[in-house]
Amino acid sequence: MSDPVIRAYTDPGRPDWSPEAVAGTPRPVRAYLWEPAARPVGGPPPVLLMSHGTGGSARDLAWLAEELALAGYLVAGVDHHGNNWVDGYLPEGFAFSWERPRDLGFVLERLREERELGAVGAVGFSLGGYTAAATVGARIAPEHYRAVAERLVPMPPLPEYPDLLDAIDARYRPEEREPIIRASGADRTVPEVAAAFLICPGIGGLVDQASLEAVRRPVAIRWGGADDNSPGPGNALYYAEHIPGAEVACAGEEVGHYLFVDGSASGEPVRRQVARDAVEFFGRTLSGPAVAAGRG
């Protein structure tokens, strides 16, 4: 399988969070494109928007993207600004999770300007699992976000950014935080996304239950029985309980969180099976008219 094509986009509608960026600098949004191995008969390829886990990169999910590309999908993976190991970490990239689905929608718009696309789906791992769920309607509950931001409840351990709340407090005055908390509950649905595949989805404790109950698009969920980063109870199983018709399966009782990104030989059979599950799921759920290039 050939390496992905890298596209360095910038979003003029959102600012760069880097401290050194001058006001008005557009947000960088890097995308990796795994082209389909073969063009589908009778139309353009379906596209899958892919979101990595906390502090990761789309490169971590090459095992998944390559399998999907071999099955005929155009896979567009994003490195989320401030939340990827390629560019480095920024507190906003970790704290403002609702910005992630906007990255996927932005990349989709850029692709639509460049080519004709088929049906659209979303797939993600860990925080990327939440991101994929957000594209079909999941929302953060502002009251839950407030409780964490104001330290009324403990924040789950975050190995990649252990002093996250202190960093946010240092960068935003108290009067600036209230609009941020309100913004956390925004609807980030990407209307074109017809189905979502979530792998070990995270931040279940922040997600609004009613928003999950309102999801009307097919969703499949895979989780690891030994996941101590995003444990199934409260995360994958919470999503599964409240999303109508969600298809859920444990990838194995001994499967931990980082097996999906550590590249280990021992984890290869599990990753291969989950990738095949994703191919089968999208094969059943993605259908409909093509998304015409340049049509907004």
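The model is predicted, so local features need pLDDT of at least 70 and side-chain atom pairs count only at pLDDT 80 or more, while totals for chains, interfaces and linings use all residues. Residues are numbered from 1 along each chain as its sequence is written, and side-chain values use heavy atoms, with hydrogens and water left out.

Strand E8 covers residues 193-199, and six of its seven residues are buried (under 20% relative accessible area, with exposed over 50% and partly exposed in between; 1.4 Å probe, protein chains only). Strands here are DSSP runs of at least two residues, helices (H or I) of at least four, numbered from the N terminus. Pairing takes at least two DSSP bridges between two strands. E8 runs parallel to E7 (residues 120-125), with five bridges joining them; Phe125 has Ile199 of E8 as its bridge partner. Four bridges link E8 to E9 (residues 219-223), again in the parallel sense, and Ala196 sits opposite Val219 in E9.

Contacts of Val207 (heavy atoms within 4.5 Å) beyond four places in sequence include Tyr130, Ile140, His144, Leu212 and Tyr239.

Tyr239 in turn touches Leu198, Pro201 and Ile221, among others. Along with Phe96, Val107 and Tyr145, Tyr239 touches the most other members of the largest nonpolar core, which has 58 residues (a core being buried Ala, Val, Leu, Ile, Met, Phe, Trp, Tyr and Cys residues joined through side-chain atoms within 4.5 Å). A second, separate core has 32 residues, including Ala119 and Phe282.
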